[in-house]
Amino acid sequence: MSSGTFSSPLFVRRAAHIVQEIASPADAIDFLNEWPEDRRDRIYEAALRACFDAYNGRIPASAARKTFFCFGEQVAILEDAASAMQWLAACMSGNGKAQV
């Protein structure tokens with residue numbers, strides 16, 4: 001694992017039927033920059049700061065992942081990795097059903 005990626009990705013719900021993989025501090029920064037301004041609070045700011053610090057090599061990516069995870073838990077956007085992978089497989093199969 002390079003210092004620029006998370007040890008394992010996180011999956012977040014962007015909208016009702018859109019799940020996004022967050023695999024690095026850069027991915028998290030992109031996601032957080034699109035977060036609605038009226039929903040930004042201290043945990044949002046902490047997550048954004050941690051991701052920038054990890055991106056710039058000041059802290060480990062694992063610390064940024066933990067902070068982003070806490071943000072995701074608080075705003076209830078985290079998706080279970082197994083469910084997200086099934087959903088992604090279904091999308092890639094083209095038939096709307098997960099390939100097992």
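Is A81 buried, partly exposed or exposed? At 38% relative accessibility, A81 counts as partly exposed, where buried means under 20% relative accessible area, exposed means over 50%, and partly exposed is in between (1.4 Å probe, protein chains only). A81 sits in helix 4 (residues 81-93). A81 and V12 are 69 residues apart in sequence, yet their C-alpha atoms are 9.4 Å apart in space.

Before going on, a word about the model. It is a predicted one, so local features need pLDDT of at least 70 and side-chain atom pairs count only at pLDDT 80 or more, while totals for chains, interfaces and linings use all residues. Residues are numbered from 1 along each chain as its sequence is written, and side-chain values use heavy atoms, with hydrogens and water left out.

Now for the overall layout. The chain has four helices and three strands, and from the N terminus on they run β-β-α-α-α-β-α. Helices (H or I, at least four residues) and strands (E, at least two) are DSSP runs, numbered from the N terminus. Of the 100 residues in the chain, 29% are buried. Take the contacts (heavy atoms within 4.5 Å) between residues at least 6 apart in sequence: 45% of them join residues at least 24 apart.

Next, the helix packing. Two packed helices are described by the angle between their axes and the distance between the axes. Axes here are lines fitted to C-alpha atoms, for helices over the stretch in contact, and angles run from 0 to 180 degrees between N-to-C directions.

Start with helix 2 (residues 42-55) and helix 3, which pack at about 160 degrees with their axes 8 Å apart. That makes helix 2 roughly antiparallel to helix 3; angles under 35 degrees count as roughly parallel, over 145 as roughly antiparallel, 65 to 115 as roughly perpendicular and the rest as oblique. The crossing of these two helices is left-handed, meaning that the near helix is turned anticlockwise from the far one by less than a right angle (clockwise would be right-handed). On the helix 2 side the contact includes Y44, A47 and C51, and on the helix 3 side it includes A61, F68 and F71. By class, the residues of this contact divide into 12 nonpolar, two polar and no charged. Ala, Val, Leu, Ile, Met, Phe, Trp, Tyr, Cys and Pro count as nonpolar, Asp, Glu, Lys and Arg as charged, and the others, Gly among them, as polar.

Helix 1 (residues 25-33) also meets helix 3 (residues 61-74): their axes come within 10 Å and cross at roughly 30 degrees. Helix 1 and helix 3 are therefore roughly parallel to each other, and their crossing is left-handed. P25, A28, F31 and L32 of helix 1 touch A61, F68 and F71 of helix 3, a contact with seven nonpolar, no polar and no charged residues. Helix 1 and helix 2, for their part, pack at about 145 degrees with axes 9 Å apart, again with a left-handed crossing.

Finally, two loops. S24 is found between strand 2 (18-22) and helix 1, and at 9% relative accessibility it counts as buried. Leaving aside neighbours within four places in sequence, S24 is in contact with G4, T5 and F6. A polar atom of the S24 side chain also lies 3.1 Å from the backbone nitrogen of D27. A76 lies in the loop between helix 3 and strand 3 (78-79). Most residues other than glycine have a negative phi. A76, though not a glycine, has a positive phi of about 55 degrees.

Key. Polar contact = N/O pair within 3.5 Å; in protein donor to acceptor, adjacent residues only side chain to side chain.
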